[in-house]
Amino acid sequence: MNLTCDFSTRTVLVTGAAQGIGKAIAEFFRTAGARVAVADRDASELEKAWGSPSQTVLPVAMDVADPTSVASGVGIIVDTWGSVDVAVNNAGIARDSVVWKLTDDQWKAVLDVHLGGTFNVTRAVVPHMRKAGFGRIVNVTSYTGMHGNVGQANYAAAKGGIIAFTKTVAKETARFGITANAISPNAATAMVAAIPAERLAEMTETVPLGRFADPSEMAAAVAFLASEEASYITGVVLPVDGGVSM
Ligand SMILES: NC(=O)c1ccc[n+]([C@@H]2O[C@H](COP(=O)([O-])OP(=O)(O)OC[C@H]3O[C@@H](n4cnc5c(N)ncnc54)[C@H](O)[C@@H]3O)[C@@H](O)[C@H]2O)c1
């Protein structure tokens, strides 16, 4: 086998690609030769991050929580490049509160973006992957989705749901040459910068590697799961977390 992790024939969709982990993942794929559709809800942030469309980068304004927006965004990618070979469901938000204070809006917003968004995108791309006989879906879950976290019942439920969703999609699509996997990251992004300093210091102490990762350190793991070479890996959650989950 030729171990190249070559993406020059691949079209990749990354959601939440205007910043943070999504932007780093998209940059990695672009460097690896892919055509990359960078999707985010905020068109101006997308433009700031990626500029105008080019032969290898297609910014797509897409609200993953809205099925119509996702269908139309995926339609644009397929019209432009003919396929979506890899989909990375990364877009995310946090609306934290202890459960007895969690509002309907906070609950719904987080479930809609993470779990709803992952579903909306997966449903839209799988028919194209089936047609191609090849597909790689990589979802972004969280340690919180497996172990819970104070103040994040909505986020934990959504991320836990993504794990169950990933395994089900893996089983449903395996016969079409499609794999579905997830990563559980731990990286210094805006989402992490919003954590109060004292709590962040406590959290850092629990990381065996002693630090939060640079977002780019998430990208290689995603690219591996999305590669041709990872053809026999499906339904797994890969912690890319500096050892936190050991
Ligand atoms: N940073 C970490 O350590 C960490 C840990 C566990 C899980 N995660 C997960 O990793 C993913 C990326 O997190 P991050 O830290 O880079 O966050 P971030 O806030 O830096 O980036 C999230 C991106 O998602 C976009 N987004 C939000 N709602 C959207 C929507 N409805 N439609 C389209 N785009 C939308 C935002 O505009 C933003 O660009 C999230 O799913 C998050 O839950 C992050």
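Q: What span should the 21 residues of helix H6 have, and how far apart are its ends?
A: Helix H6 covers residues 153-173, and at 1.5 Å a residue it should span 30 Å. Its end C-alpha atoms are 30 Å apart, which agrees. The expected span is 1.5 Å times one less than the number of residues. Helices here are DSSP runs of H or I with at least four residues, strands are E runs of at least two, and both are numbered from the N terminus.

Q: Before we go on, what kind of model is this?
A: This is a predicted model: local features need pLDDT of at least 70, side-chain atom pairs count only at pLDDT 80 or more, and totals for chains, interfaces and linings use all residues. Residues are numbered from 1 along each chain as its sequence is written, and side-chain values use heavy atoms, with hydrogens and water left out.

Q: Which residues of H6 are buried?
A: Among them are Tyr155, Ile162, Ile163, Phe165 and Val169. Lys159 is on that list too. Buried means under 20% relative accessible area, exposed over 50%, partly exposed in between (1.4 Å probe, protein chains only).

Q: What covers them?
A: The cover includes helix H4 (104-132), strand S5 (135-140) and strand S6 (178-185). Helices H5 and H7 and strand S7 also contribute.

Q: Switching to S5. How many of its residues are buried?
A: Six of its six, so S5 is mostly covered. Gly135, Ile137 and Asn139 point one way, and Arg136, Val138 and Val140 the other way.

Q: Which strands pair with it, and in what sense?
A: S4 (residues 86-89) pairs with S5 in the parallel sense over four bridges. S6 pairs with S5 in the parallel sense too, over six bridges. Two strands pair if DSSP finds at least two bridges between them.

Q: Which residues face each other?
A: Val88 has Val138 as its bridge partner in S5. Ala87 stands opposite Ile137 in S5. Gly135 stands opposite Ile178 in S6.

Q: And S4, what about its other partner?
A: Strand S1 (residues 11-15) pairs with S4 in the parallel sense over three bridges. Leu13 has Ala87 as its bridge partner there. In S4, Val86 and Val88 point one way, Ala87 and Asn89 the other way, and all are buried.

Q: New topic: Asn120. Where does it sit, and is it buried or exposed?
A: Asn120 lies in helix H4. At 7% relative accessibility, Asn120 counts as buried.

Q: What does its side chain reach?
A: The Asn120 side chain reaches the backbone oxygen of Val64 at 2.8 Å. Leaving aside neighbours within four places in sequence, Asn120 is in contact (heavy atoms within 4.5 Å) with Val64, Ala65, Asp66, Pro67 and Val70.

Q: Last one, the ligand. How many residues surround it?
A: There are 28, each with a heavy atom within 4 Å of the ligand. The closest are Gln19, Asp40, Asn90, Tyr155 and Thr189.

Q: What distances to its oxygen atoms do we have?
A: A polar side-chain atom of Gln19 lies 2.7 Å from a ligand oxygen. For a side-chain N or O atom of Asp40, the distance is 2.6 Å. A polar backbone atom of Ala187 is 2.8 Å from a ligand oxygen.

How values were computed: Polar contact = N/O pair within 3.5 Å; in protein donor to acceptor, adjacent residues only side chain to side chain.
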